[in-house]
Amino acid sequence: MKHKNIPVFIPHLGCPNDCVFCNQRKITEHTEFKEEDVKKTIDEAVSTLTPEDEAEIAFFGGSFTGIDRSLMIRLLELGKTYIERGAVSSLRCSTRPDYIDGEILDILKKYGVKTVELGIQSTDDKVLAACRRGHSSAQSFEAMRLIKENGFELIGQMMTGLPGASPVSEIKTAEDICKYADGARIYPIVVFRDTELAFMAEAGAYEPYTADELIKRTADVKEVFISHNVPTIRVGLQANEGLTGGDEIACGGYDEAIGEKCDALIYSRRLVKLLDGYKGKSAVIAVAKGHTSRASGHKKENKRKIKDLFDIDVKFIEKDIPPYTAELCEE
Ligand code: SF4
């Protein structure tokens, strides 16, 4: 079975929080949320599913469990009708740690939510304060604990490049998420126009990162998830998360291919380690099934790098080995 999310974007209308990186207000200013369109969106997506697809309706966007309670229930009721007629297997939603408690989880369970994506962003209280996130790391730990205790699948979302963050705090955040989560999403920071973060950058209170710096920081974090066998289900924003073109970005680097480039960097590290001291002009290297292009790197840059560094021509083969491992094979 192939897992598919049917994303339904629910902007967090009237969100009382004030996260410095938030572009939701801008999105909601320009996007009129029409509840009646939700059914149409789901129907269209359901009509494209094949019998091999195992689908979840995913209420993404702001903080699903923080929106108006009656709207949340109506959306859950709608989602449940698709489970009942076998069109999807379950529901999924994203939310903030301070919008999780026992009562909310009971409601989610009742309507068939299986997966909760939690916007943790950082487990460093100094970073949360600098981002004016409005919740503490203790609330994130408690929410993660409650979500798992109640039998949900947990996806921990974190960000790299936040104000006040360091490589150490980002690695620690990933390690904290690994203690609870079944999967992770990593969002490298994007400095959107007209956000508090953009004003902070203009005033010199925040130093924006280059795309290469963000790729490195994000790859370092992804390495933590790999080492704990916690799959990273996505790196970077999706098209419906407010990034439709470069015009929305105020400053700092952002690379649309950041996910691919993080993978390339991770494989490049593996290859350099594996081939250091290798005697020979060519090498056959096994990687996991479906990972040849990631290992080869963006525009085959890893193959070129190995040639430049060690004068070795690399050929990849795919084997049944864990993702992000590389094994030297007999030629
Ligand atoms: S990012 Fe923060 S301010 Fe923006 S919608 Fe989410 S909780 Fe509200």
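Strand S3, residues 90–95, pairs with strand S4, residues 113–121, in the parallel sense through five bridges. Within this pairing, cysteine 93 sits opposite valine 116 of S4. The model described here is a predicted one.

Both strands belong to an open sheet of seven strands, ordered S1-S2-S3-S4-S5-S6-S8, with parallel pairing. Its edge strands are S1 (2–10) and S8, each of which pairs on one side only. From one strand to the next, the twist averages 20 degrees. In general, the strands of a sheet pair through backbone hydrogen bonds, and the pairing is either parallel or antiparallel.

Further along the sheet is strand S6, made up of residues 183–188. S6 is mostly covered, with five of its six residues buried. Strand S5 (residues 153–160) runs parallel to S6 and is joined to it by six bridges; here glycine 156 stands opposite alanine 184 in S6. Together with helix H7 (residues 167–178), S5 and S6 form a right-handed β-α-β unit. S6 is also joined to strand S8 (residues 232–235), again in parallel, by three bridges. Arginine 185 has arginine 234 in S8 as its bridge partner.

Another helix, H9 (residues 211–227), lies across S5, S6 and S8. Its direction is at about 170 degrees to that of S6.

Conventions
Residues are numbered from 1 along each chain as its sequence is written. This is a predicted model: local features need pLDDT of at least 70, side-chain atom pairs count only at pLDDT 80 or more; totals for chains, interfaces and linings use all residues. A residue is buried if 20 or more other C-beta atoms lie within 10 Å of its own, exposed if 12 or fewer, and partly exposed in between; C-beta atoms are placed from the backbone. Helices (H or I, at least four residues) and strands (E, at least two) are DSSP runs, numbered from the N terminus. Two strands pair if DSSP finds at least two bridges between them. A crossover is right-handed if, with the strands pointing away from the viewer, the path from the first strand over the helix to the second runs clockwise. Axes are lines fitted to C-alpha atoms, for helices over the stretch in contact, and angles run from 0 to 180 degrees between N-to-C directions. Two residues are in contact if their C-beta atoms, placed from the backbone, lie within 7 Å.
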